[in-house]
Amino acid sequence: MDSILNAARKFNERHERLKKHVHTAWRVPLPKWGRVVMGCIYFSIPVVGGWNVMQWAIGRAHDSIGEKGEKLRIKDVQGIGDQTVFNGETKRIGAGGVGMGVKLAVSDEHDQERSKKMLAKMLRKAKKQKLKREAERKEEQSLSAEVTEG
C-alpha cells in the first residue's frame, strides 16, 4: 500500500514541477488574438476527447449487442405502459400494483372523466373569485371617488 501512495505522491510532485516550469519558464504575454486561440484550444480539447470516448463506447456497444441489437437474447420489449414481466408473470406497476404509485400515464375512462369534472369545478370557482375581487375593487374605486368629490 505504501508503494502505491509513494508512487502517487511522486507523480504529484513531478506534475507540480512540470506545471510550474510551463507556467513560468515559457510564459510569454499573448496578444488578444493569442488568448482567443488558446481559449479555443483549451475548450476544444475536452470536446474532442469526449467525442472520441463516445465513439469508443459506441463501438463497444456494437460489438456486444450488435448495431441494431441483433445479438441480444431477448429482442422484444416486455411490458408496455403499466405492465411488466416478473419471472414470466405479468404484473401491474404503479397505482394499485407493485411499488404502488400515482396514475399519471395510464388511466381509465372513469379517472379521466373525474379529472375533467374536478378541473371544471376548480376553474368555475377561480372565475367566481376573480369576478368577486373585480367587483370589490370597482366598489372601492367608486367609494374613493365619492370621498374625493365630496
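This is a predicted model: local features need pLDDT of at least 70, side-chain atom pairs count only at pLDDT 80 or more; totals for chains, interfaces and linings use all residues.
Two strands count as paired here if DSSP finds at least two bridges between them.

Strand β1 covers residues 83–86, and strand β2 covers residues 89–92. The two run antiparallel and are joined by 4 bridges. A word on confidence: among the elements of the protein, β1 has the lowest mean pLDDT, at 71.

Which element has the highest mean pLDDT? That is α2, at 93. For the protein, the average pLDDT is 82, and 83% of the residues score at least 70.

Now to α2 itself. This helix takes in residues 32–65, which is 34 residues. From its first C-alpha to its last it reaches 50 Å, close to the 50 Å expected at 1.5 Å a residue. There is a kink in α2 of about 25° at S44, shortly before the proline P46. Just after the helix, G66 takes a positive phi of about 90°.

Last, the largest pocket. About 270 Å³ of space lies in this pocket. Which elements give two or more residues to its lining? They are α1, residues 2–25, and α2. The lining consists of V22, H23, W26, R27, V28, L30, M38 and Y42. By type, the lining residues are 6 nonpolar, 1 polar and 1 charged.

Definitions and conventions:
Residues are numbered from 1 along each chain as its sequence is written. Side-chain values use heavy atoms; hydrogens and water are left out. The expected span of a helix is 1.5 Å times one less than its number of residues. The bend at a residue is the angle between axes fitted to the seven residues ending there and the seven starting there. pLDDT is the predictor's confidence in each residue, from 0 to 100. On a 1 Å grid over the protein atoms alone, a cavity is a set of points where a 1.4 Å probe fits but cannot get out, and a pocket is an open set with protein on both sides within 12 Å along at least five of seven lines; lining residues have an atom within 4 Å of a point. Grid points are joined across faces, edges and corners, and a volume is the space filled by probe spheres set on the points. Ala, Val, Leu, Ile, Met, Phe, Trp, Tyr, Cys and Pro count as nonpolar, Asp, Glu, Lys and Arg as charged, and the others, Gly among them, as polar.
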